[in-house]
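Thanks for coming, everyone. Please have a look at the model on the screen before I start talking.

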Amino acid sequence: MTWGLFTTWILPGLWVTVQVTVFSAALAFTVALAIGTLRTSRWWIVRFLSGAYFEIFRGTSALVMLFWFAFAFPLIFGYELVPMWAGVLALGLTYGAYGSEIVRGALAAVPVAQREAGIALSFTPMQRLRRVEFPQAWPEMVAPLNALTIELMKGTALVSVISVSDLAFAGNVIRLSTGDNAPVYTLLLVMYFLLAFVITRGMRVVERQAKKGVGQEPERVPLFRKRGAGSPGAAGDTRAMGGVNA
């Protein structure tokens, strides 16, 4: 693979992958917050409708949903979507459904006493959600949402099947034109890994700030650890084993 092919196909493909990831993630987070919150509503009809959305998108294939927006949507509604935006809608709505379960679970994990305190302060349901429940639930959402964002980023490779010139599409074009299978796919693996690494480091910063906001001590996980430098619990277990052996 030559430098010209890299600058002509791989770099533009990387930019398209980043765009699809950012737009899909923004839509997925919006959907996750809205549906996840509605699924905790006291009104059964709201819970039913939001739960129906969750079950429909959880039970359908993201690839089939992508085809539906690209090929069936124009026939039904008479409007043809740009392929990239068809991919954004399919991925954002699908992964937003998965994210809604994260939001619902985090909100449900807020202690009942906190909700009762909000009621005692005469907060409206919206005020309780905004001032009491969501600030405590947000730190618990960040880590699972990080994993979901990485899965979404890897899922952007699906848009190549509707001729969106992302990384996977660019790699396939170069492979067909040069026959360099191993170098091309190795490069794609490295680039997807680097994207996932950047997302992870960014979300860890968000997680630390979220925990600081509720008075929790943020956990710092080093990239490397000295050999034998385990957790305090592990050290205690080692000392206990030494005492038994003695």
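What you see is a predicted model, in which local features need pLDDT of at least 70 and side-chain atom pairs count only at pLDDT 80 or more, while totals for chains, interfaces and linings use all residues. Residues are numbered from 1 along each chain as its sequence is written, and side-chain values use heavy atoms, with hydrogens and water left out.

There are four salt bridges in the structure, a salt bridge being a side-chain nitrogen of Lys or Arg within 4 Å of a carboxyl oxygen of Asp or Glu. In one of them R39 meets E101, at 2.6 Å from N to O, and this pair links distant parts of the chain, since R39 sits in the loop between α1 and α2 (44-58) whereas E101 belongs to helix α4 (residues 83-108), 62 residues apart. Helices here are DSSP runs (H or I, at least four residues), numbered from the N terminus.

Is R39 buried or exposed? R39 is buried, with a relative accessible area of 19%, whereas E101 is partly exposed at 29%; buried means under 20%, exposed over 50%, and partly exposed in between, with a 1.4 Å probe and protein chains only.

E101 also forms a salt bridge with R104, at 2.8 Å between the closest N and O atoms, so that R39, E101 and R104 are linked in a network.

Turning to α6, this helix bends by about 50° at F134, and a proline, P135, follows within four residues; the bend is the angle between axes fitted to the seven residues ending there and the seven starting there.

Methods. Helices (H or I, at least four residues) and strands (E, at least two) are DSSP runs, numbered from the N terminus.
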